[in-house]
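Here is a short briefing to read with the model open beside you. Let's start with a charge and a ring, then move on to other features.

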Amino acid sequence: MRKILLVPAVFLFLAGIIAAFKKPLNKPESIISTTDTLHFPGESHFRNLRQLTNGGDNAEAYFSYDGKWLVFQRTSARDGLPCDQIFAGRIPEPGQPFEYRMISSGKGRTTCGFFTKDGKHIIYASTHLGGDDCPPVPDRSKYGNKYIWPLYKSYDIFMADLNGKIVKQLTHSDGYDAEPTLSPDGKKMVYTSVKDGDLELYVMDLKTGKERRITHTPGYDGGAWFSPDGKKLIWRASRPKTETELTEYKALLAEGLVAPTNMEVFVADADGGNAKQITSLGQANWAPSFMPDSKRIIFASNHEYKRGFPFNMYTMNGDGSNLQKVSRDKGFDAFPMFSMDGKQIVFCSNRNNGGTRDTNIFIADWVE
């Protein structure tokens, strides 16, 4: 998006944000570390790398349209958060703590927060209409200890203001509706739903509620993003290739589960036309998004490691060529997103967690 188009949104954003954040904010126990232990050799694209959170499981951190705020999901048992809730906070100046507050209700499980263009609201998926408690986690031992995702049928997508008040329910189907992101102009939402019997992508006009189904192939399609110029879509897909795989996929889906251990990156025009697979790396290639030029792509993958771990971030051209490794953690680097002006990148990582399983949010200036 051109910078000139962001100017009106900035003023609207600031007007709404001041009133919403008058309440006390959640403050971390200590100011974040900015030592060299955050930055691994070979990570030449990161400059001024900073760790914003310190403890817990913090994931899917995404910029507001003006690049000044982040929305993310957080689980921390020690802080009384047994399953993911949505938080938002202003990106601090270097050396200052990251202060954030809960946007979701604290009921049920939530995922996939995203700022609206005016900066006054956040969309996210939540199970709270199905109950106040965290929905049960599947017993993976029943499925050969595979990595299983639960597709809670109580997931719907909501829009809330920055005080946490839900102002609109965006989806209403009897089944999994989640994984929403918005177009650069803020008018359209792409998300994943099982409403037609399979995990497919849909694009909704936020003003009218009218929508178009984008994918039509058996298998999981999810985690979709628009390109910054609004002309393309990118997503991850796990498509069964044999009858045995298709039978297994359908059996899990009938139980409200999916096992997306093998995913590849797909792209299409914004209306779903000209869809094509652009990676064939094997294992899990996911969390893709277009880079600021709307031509190159960044994504997370474990394709280099037969054991399935670690995950690192990679860039490539829009056709899948020129694969380049950009992160070097020995654990988990994923959920990359660039600011609208392309100057910064935010991602989530296991690095610098003191040997725990904590996943934290990191932000850096991007260097070509």
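The charged end of Arg 351 sits over the ring of Phe 362, 6.0 Å from its centre. A charge counts as over a ring if NZ of Lys or CZ of Arg is within 6 Å of the ring centre and within 35 degrees of the ring normal. This is a predicted model, where local features need pLDDT of at least 70, side-chain atom pairs count only at pLDDT 80 or more, and totals for chains, interfaces and linings use all residues. Residues are numbered from 1 along each chain as its sequence is written, and side-chain values use heavy atoms, with hydrogens and water left out.

**Rings and charges**
- Phe 362 also belongs to a cluster linked by ring pairs, together with Phe 46, Phe 338, Phe 347 and Trp 366.
- The structure holds 25 aromatic pairs, meaning rings of Phe, Tyr and Trp (its six-membered ring) with centres within 6.5 Å.
- Lys 195 places its charged end over the ring of Tyr 202, 4.8 Å from the centre.

**A strand hairpin**
- Strand β11 (residues 177–182) has six of its six residues buried, that is, under 20% relative accessible area (1.4 Å probe, protein chains only).
- β11 pairs with strand β12 (residues 188–193) in the antiparallel sense over four bridges; strands are DSSP runs of E, at least two residues, numbered from the N terminus, and pairing needs at least two DSSP bridges.
- Ala 178 has Thr 192 in β12 as its bridge partner.
- Five residues separate the two strands of this β11–β12 hairpin, and Gly 186 in the turn has a positive phi of about 75°.

Definitions and conventions
Phe/Tyr/Trp six-rings, centres within 6.5 Å; stacked < 30°, edge-to-face > 60°. Buried < 20%, exposed > 50% of the residue type's maximum accessible area, 1.4 Å probe, protein only.
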